[in-house]
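Hi,

Here is the structure I promised to pass on. Have a look at it first, and then read on for what turned up.

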Amino acid sequence: MDTIVGTYECKVDAKGRLLLPAPLKKQLAASLQNGFVLKRSVFQSCLELYPMQEWLLMTEKISKLNRFVKKNNDFIRRFTAGVKVVEIDALGRLLVPKDLVLYASITKEVVFSSAINIVEIWDKDLYEKSIGDEEIDFADLAEEVMGNINDNDYGIS
């Protein structure tokens with residue numbers, strides 16, 4: 001799967017459908033035939049849209065967990081809670097099931113935010129709050145997460 005790039009906004013229609021912006025739909029074109037998995041995010045009040053190929057890679061990793069370890073079993077149950085197989089219709093619309101709309105507090109405006117190989121789907125107000133969180137200093141976070149990576153082939157920034 002290629003990297004997905006961009007942040008896009010759209011409105012939700014009365015039936016809970018989201019019209020994918022053309023640049024995003026174009027990036028996901030190779031995945032349209034195989035479908036997608038839509039799930040709750042582990043860390044945020046948003047949804048994650050996995051192209052089926054990416055979902056299969058994720059479940060391959062998870063399936064290696066020993067199900068006779070209670071924590072592993074609990075993790076698998078929670079990770080897969082609310083998971084839905086979804087498709088993007090011929091008009092480029094994604095129908096978000098009502099339980100996931102409620103989970104992500106999606107109202108009228110939505111943000112599609114690329115997250116490398118998946119797309120996060122946010123209620124616009126919640127997205128703005130998450131990226132503007134004053135408690136998280138992004139420079140400190142970037143240093144902590146990426147500061148010790150030494151990529152001798154290409155370098156980082």
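Before the details, one term: two strands count as paired if DSSP finds at least two bridges between them. Please also keep in mind that this is a predicted model.

Let's start with strand β3, residues 36–40. Four of the five residues in β3 are buried, where buried means under 20% relative accessible area. β3 has a partner in strand β4 (residues 47–51), with five bridges joining them in the antiparallel sense. One place to look is Val37, whose bridge partner in β4 is Tyr50. Six residues lie between β3 and β4, and the two strands form a hairpin.

β3 also pairs with strand β5, residues 84–86. That pairing is antiparallel too, over three bridges.

Now for helix α3, which covers residues 70–79. Which of its residues are buried? They are Asn72, Ile76 and Phe79. These residues are on the same side of α3 because they cover an arc of only 70° around the axis. As a reminder, an α-helix has 3.6 residues a turn, so residues three or four places apart point the same way. Turn to the other side of α3 and you will find Lys70, Lys71, Arg77 and Arg78, which are exposed.

And what do the buried residues of α3 pack against? They pack against β3 and β4, the two strands of the hairpin, and against helix α2 (52–62) as well.

Key
Residues numbered from 1 in each chain as written. Predicted model: local features only at pLDDT ≥ 70, side-chain atom pairs only at ≥ 80, totals over all residues. Heavy atoms only, no water. Buried < 20%, exposed > 50% of the residue type's maximum accessible area, 1.4 Å probe, protein only. Arc of directions from axis to C-beta. Contact = heavy atoms within 4.5 Å.
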